[in-house]
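Colleague: Thanks for sitting down with me. Could you walk me through this one, step by step?

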Amino acid sequence: MTRAVVLISGSGSNLQAFIDQVDQGELPIDLSLVVSNNPDAYGLTRAQQAGIDTACINHRDFDSREEFDQALLDRIDMAEPDIVILAGFMRILTAEFVHHFENRLVNIHPALLPKFPGTDTHQRAINAGEHWHGATIHFVVPEVDAGPIILQGRIQVRRGESAEQLQQRVHKIEHRLYPLAVKWFAEGRLTVRDDAVLLDNERSAMQLQSFDL
Ligand code: GRF
């Protein structure tokens, strides 16, 4: 069984989506460990309620990013994961950390990368007059919010909709697609070739999904 470690900093609604799909028998992974850098993250409570091991490694306890990342890496390695899932983990990771978990470190970003890396993506998409907005699941590289794209989900931006409304709709896509991307990984269906992710050895229409919700 694919062993997964999930890193969070906050609410953990994406973590909950993984927990629910595992419970329903739809996602063949072992949620081995949840790690938060924030002791108050509600996602830690979600994990504990689901009987998953948790750890808190508070970045404020370390003098440098390098020392924090090393402690994080050591704790993750103890769980011997096949995949490390960033699910709202709000820390920039060192290149050493990223390389250590190369091709088994994934992230979700609430925008259609390469558009809108960084924060405040929903408002920026509205301000730019974008017709489509959504979420991207990708393998992590040292550059922030970049890396080979596994799967994207998109919705049409509604006229006059607020950033909060758009964010809520994008969140629904995240909860559907992040477990699907990890399922593909667990089933051994993903390969990276020339910075592109292939599904069953080809670029698939399944990797860009449009929603009306
Ligand atoms: C999500 O919007 C995700 O795209 C971003 O952080 C947020 C995490 O939300 N990286 P949650 O903690 O899973 O509810």
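Colleague: Is F62 buried, partly exposed or exposed?
Modeller: Bear in mind that this is a predicted model. Buried means under 20% relative accessible area and exposed means over 50%. F62 has a relative accessibility of 26%, so F62 counts as partly exposed.

Colleague: And F68, buried or exposed?
Modeller: The cut-off for buried is under 20%. F68 comes out at 1% relative accessibility, so F68 counts as buried.

Colleague: What kind of aromatic pair do F62 and F68 form?
Modeller: The whole structure holds four aromatic pairs. For F62 and F68, the ring centres are 5.8 Å apart and the planes make an angle of 65 degrees. Planes over 60 degrees apart count as edge-to-face, so the pair of F62 and F68 is edge-to-face.

Colleague: Let's turn to the pocket. Which element gives the largest share of the lining of the largest pocket?
Modeller: The largest pocket has a volume of about 910 Å³. Its lining has 37 residues, and those closest to the centre are F89, M90, I108, H109 and P110. Helix 1, strand 5, helix 5 and helix 6 each give two or more residues. The largest share, five residues, comes from helix 6.

Colleague: How many residues of that lining are charged?
Modeller: The lining of the largest pocket includes 15 nonpolar and 16 polar residues. The charged ones number six.

Colleague: What handedness does the β-α-β unit of strand 2, helix 2 and strand 3 have?
Modeller: Strand 2 and strand 3 run parallel and are joined by four bridges. L33 has D53 in strand 3 as its bridge partner. With helix 2, residues 42-49, the two strands make a β-α-β unit that is right-handed.

Conventions. Residues numbered from 1 in each chain as written. Predicted model: local features only at pLDDT ≥ 70, side-chain atom pairs only at ≥ 80, totals over all residues. Heavy atoms only, no water. 1 Å grid on protein atoms, 1.4 Å probe; cavity = no way out; pocket = protein on both sides within 12 Å on 5 of 7 lines; lining within 4 Å. Points joined across faces, edges and corners; volume = space filled by probe spheres on them. Nonpolar A, V, L, I, M, F, W, Y, C, P; charged D, E, K, R; others polar. Pairing = 2+ DSSP bridges. Right-handed = clockwise from strand over helix to strand, strands pointing away. Phe/Tyr/Trp six-rings, centres within 6.5 Å; stacked < 30°, edge-to-face > 60°. Buried < 20%, exposed > 50% of the residue type's maximum accessible area, 1.4 Å probe, protein only.
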